[in-house]
Amino acid sequence: MQAYYLEFILAGLAVLMLLAEAFIIPRGAKSVLALVGIASLAIVFILLNFVVHPVLAGVQVDTWVTRFYHHDTTALVFKNIALLSTIMVLLLTWDFRSVLNKFTSEKKDCDENTGEFYALPIFACAGMMWMASATDFVSIFVSLELVTICFYVMVAYMKRNVGSLEAGVKYLILGALSTGIFVYGIAWVYGSFGTTNIPEISRLVAGTELSLQALFGISLIIIAIAFKVGAVPMQLWIPDVYQGAPTPITAFLSVASKASGFAIAITMLEPFLNYEKVQNVLLVLAGATLLYGNLAALKQTNFKRLLAYSSIAHAGFILIALAYNKTDLVIFYLVTYMIMTFAAFFVLNSVRVNEDSDEISAFDGLAKRNPTIAAMFTVIMSAMAGLPLTVGFYGKFFVFQAMFESFPNILLAVIAFISVGAGFYYYLKVIKAMYWHNSEKTDQIPFSLVARGVIYTLTVAILFYGLIPGQLIKLLGLNW
């Protein structure tokens, strides 16, 4: 089976879900599509990992495919991230469906308008998988737009919620701006090299100096990538969009969208990362992103906004790894970030559904109202802060190691240390709310079986890979 069949299979399954929603699934049972989506994604995940792909096996593939598509171990990892993230999002949506029903229909507890919400993440997942395998600026642009258009709809899906509509408009405006910048950058790169094929560009630039026109085009592309990964100077949309979007979509943006952004960043920038000017631009953006994300998070009282600024800060660390051309480190950091972030969002999702709030104050007294979840959440927040013996520590540790191994950048190292210190403050104040603040309510906050299962599993992973990080490196097939 050709590797590229899987994306078509996934897109086809999403189309069938839409048709079933329109003509087969009755009102009041639309949420069953979430289970169908999870099963479909699980099947594709099995096919992706347990079927021998001709490309990886060295078998000849259709010649028209090789112009726009490749499938290697790096693409395989990013596709796994996309699939697992989409499964997590649909699990989150299953718990979130009562809130979704409330803000999509005038009828109380009616799910008549939610069916498409379960299919859209699957379309986005197919686009992310295409992004991971794209080798041409044209295929990257087409797959990127498929993902972005799905997110435009999903962010603004709660049409009776002003915050969701506002988030959708802001995301649309800045997304359109970044798309224009991206296309303009592609035009300059094409004008400089006469091709949009990235392997061909890599061959043309080998051992030569980059022209001013090429540097300008690359700079525009980097700015467009900054929007996708949530880095300076295109980070302004993140706090408002993360806060206003449905919580499962916030998690989707935070993990899968960011990972896909870095996947295309690796593909597009790899031919140019050996040039000092390009590397310096990325390092400057990384430093600015770290400062902005961490310092802005210090005073946040809304947990979704805190996670938004945290997402910006993590993008800064990953940009450092990208600047030093450490692809394996980028993958390792993204996987650890995925584990921690989804664990945090599953806790937030249940609190949001039961307390009707995503403020940090909603976590007040959680240690008394649900001690087990509070203990798990303490581990999760400690990992996101980078506490030793958790998996979150090693991502930051390896980034610092990369900084000092390449050529020591004292200013960037100082900024990174300040960022880590700030992270300890704003992550641990959530722990303070759970244990030191009292809540007016004393009843237990219920967590569904799905939420508890995912939280327990991810917390165990955080501790296990924190104690034995080599197992995660081995699992991902990384070489260092």
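These legends go with a handful of close-up views of a predicted model. Local features are kept at pLDDT of at least 70 and side-chain atom pairs at pLDDT 80 or more, while totals for chains, interfaces and linings use all residues. Residues are numbered from 1 along each chain as its sequence is written, and side-chain values use heavy atoms, with hydrogens and water left out.

**View 1. Helix H5 against helix H20.** Helices here are DSSP runs (H or I, at least four residues), numbered from the N terminus. The axes of H5 (residues 73–102) and H20 (residues 449–467) come within 10 Å and cross at roughly 140°. That makes the pair oblique, the label left over once angles under 35 degrees (roughly parallel), over 145 (roughly antiparallel) and 65 to 115 (roughly perpendicular) are taken out. Axes are lines fitted to C-alpha atoms over the stretch in contact, with angles from 0 to 180 degrees between N-to-C directions. On the H5 side, look for Met88, Leu91 and Asp95; they meet Val450, Ala451, Val454 and Leu458 of H20, where contact means heavy atoms within 4.5 Å. By class, that's 6 nonpolar, no polar and 1 charged residues; Ala, Val, Leu and Met count as nonpolar and Asp as charged.

**View 2. Threonine 459 in H20.** Threonine 459 sits in helix H20 and counts as buried at 2% relative accessibility; the cut-offs are under 20% relative accessible area for buried, over 50% for exposed and partly exposed in between (1.4 Å probe, protein chains only). Its side chain reaches the backbone oxygen of isoleucine 455 at 2.7 Å. Leaving aside residues up to four places away in sequence, threonine 459 touches Met376, Val379 and Ile380.

View 3. Since 21 of the 21 residues are buried, H14 is largely enclosed by the rest of the structure. At the N-terminal end, asparagine 302 is the cap: a side-chain oxygen lies 2.9 Å from the backbone nitrogen of lysine 304. Asparagine 325 isn't a glycine, yet its phi is positive, about 60°, and it is partly exposed at 32% relative accessible area.

View 4. Valine 232 and proline 233 are joined by a cis peptide bond, with omega about 10°. Proline 233 is in the loop between helix H10 (212–229) and helix H11 (238–244). Aspartate 356, in the loop between H15 and helix H16 (366–369), has a positive phi near 55°.

Definitions and conventions: Helix = DSSP H or I, 4+ residues; strand = E, 2+ residues; numbered from the N terminus. Polar contact = N/O pair within 3.5 Å; in protein donor to acceptor, adjacent residues only side chain to side chain.
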